[in-house]
Amino acid sequence: MTTDRTTSPAAADHGNQRGELRGDCSSCFGLCCVALPFAKSADFAITKAAGAPCPNLEQTFGCGIHAKLRPSGFRGCTVYDCFGAGQHVAQVTYSGVSWREAPATMTEMFEVFPIVRHLHELLWYLDDALTREATAPIHADLHAASARTRDLAGSRPEALLALDVDAYRQEVNVLLLQASDLVRACAPGKPKNRRGADLIGARLAGADLRGANLRGAYLIGAALRGADLRWADLIGADLRDADLRGADLTDALYLTQPQVTAARGDATTRLPRGLELAEHWTANGPR
């Protein structure tokens, strides 16, 4: 079965809720700037331990070099997105009281943050699946999983810390795989199965990858210029520095903003609804 669009108007209303699954730094306590570690590399100019505030973090929780992160050597910060976990933990889980105001909550808050991020990432995938007309046969199950995941994300800190996130991700992944099969069946022909494949630097310009299973594939630096990736499952695919200029990802499944931002593209790159061209693509051309 082939179709030009897999998004139904009714399901699109559910997808519109995904705005809450994008990071809002103005409502956060700089959690990603403190809780997470990073090592000096092409993505980060310095090494920072988990729990240590980044030296660029201001007292008001803003970033002192936000406007020049990339030229300052902090490309990794421009790629990262917490899927809205930062503002949720700050304003909901801890009722707007920061770790600076209540130092006793610091360790717990930093442990809760990545757990909520995992749950919010799952919500992104579930909401994506729910926008697809092709997944109508399992919409009830997807809605149930989404509701349960939202409930878990809204739990108290002690409940979140007791949650086996890996086991829960595996549980939800069974449903996400079912949705993937239904969506990828919309592509013509027999879709390619390149799950987990090493495609680093692969020459795939203009390739027909409609409906391909690219879960967890290593596409670092891959030449995908002009490739057709509609209905392809891209969950966990590593798109760092992949050339997406002119590529068509309008119906790509499970694509996230961090994946887009990590790649290279331009104004001719076609993305799914809810995702945006990376700022550095249009500011100074693809790089």
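Colleague: Why is Asp-208 called partly exposed?

Modeller: Its relative accessible area is 38%. Buried means under 20%, exposed over 50%, and partly exposed in between, with a 1.4 Å probe and protein chains only, so Asp-208 falls in the middle class. This is a predicted model, in which local features need pLDDT of at least 70, side-chain atom pairs count only at pLDDT 80 or more, and totals for chains, interfaces and linings use all residues. Residues are numbered from 1 along each chain as its sequence is written, and side-chain values use heavy atoms, with hydrogens and water left out.

Colleague: What makes Asp-208 and Arg-210 a salt bridge?

Modeller: Their closest N and O atoms are 2.9 Å apart. A salt bridge is a side-chain nitrogen of Lys or Arg within 4 Å of a carboxyl oxygen of Asp or Glu, so the pair qualifies. Arg-210 is partly exposed, at 23%.

Colleague: How do you know that Asp-248 and Arg-230 form a salt bridge?

Modeller: The N to O distance is 3.6 Å, which also meets that definition. Both residues lie in the loop between α8 and α9, so the pair ties together parts 18 residues apart in sequence. Asp-248 and Arg-230 are both buried.

Colleague: Why is Phe-61 called buried?

Modeller: Phe-61 has a relative accessible area of 15%, so the residue counts as buried. Its phi is also positive, about 75 degrees, although Phe-61 is not a glycine.

How values were computed:
Helices (H or I, at least four residues) and strands (E, at least two) are DSSP runs, numbered from the N terminus.
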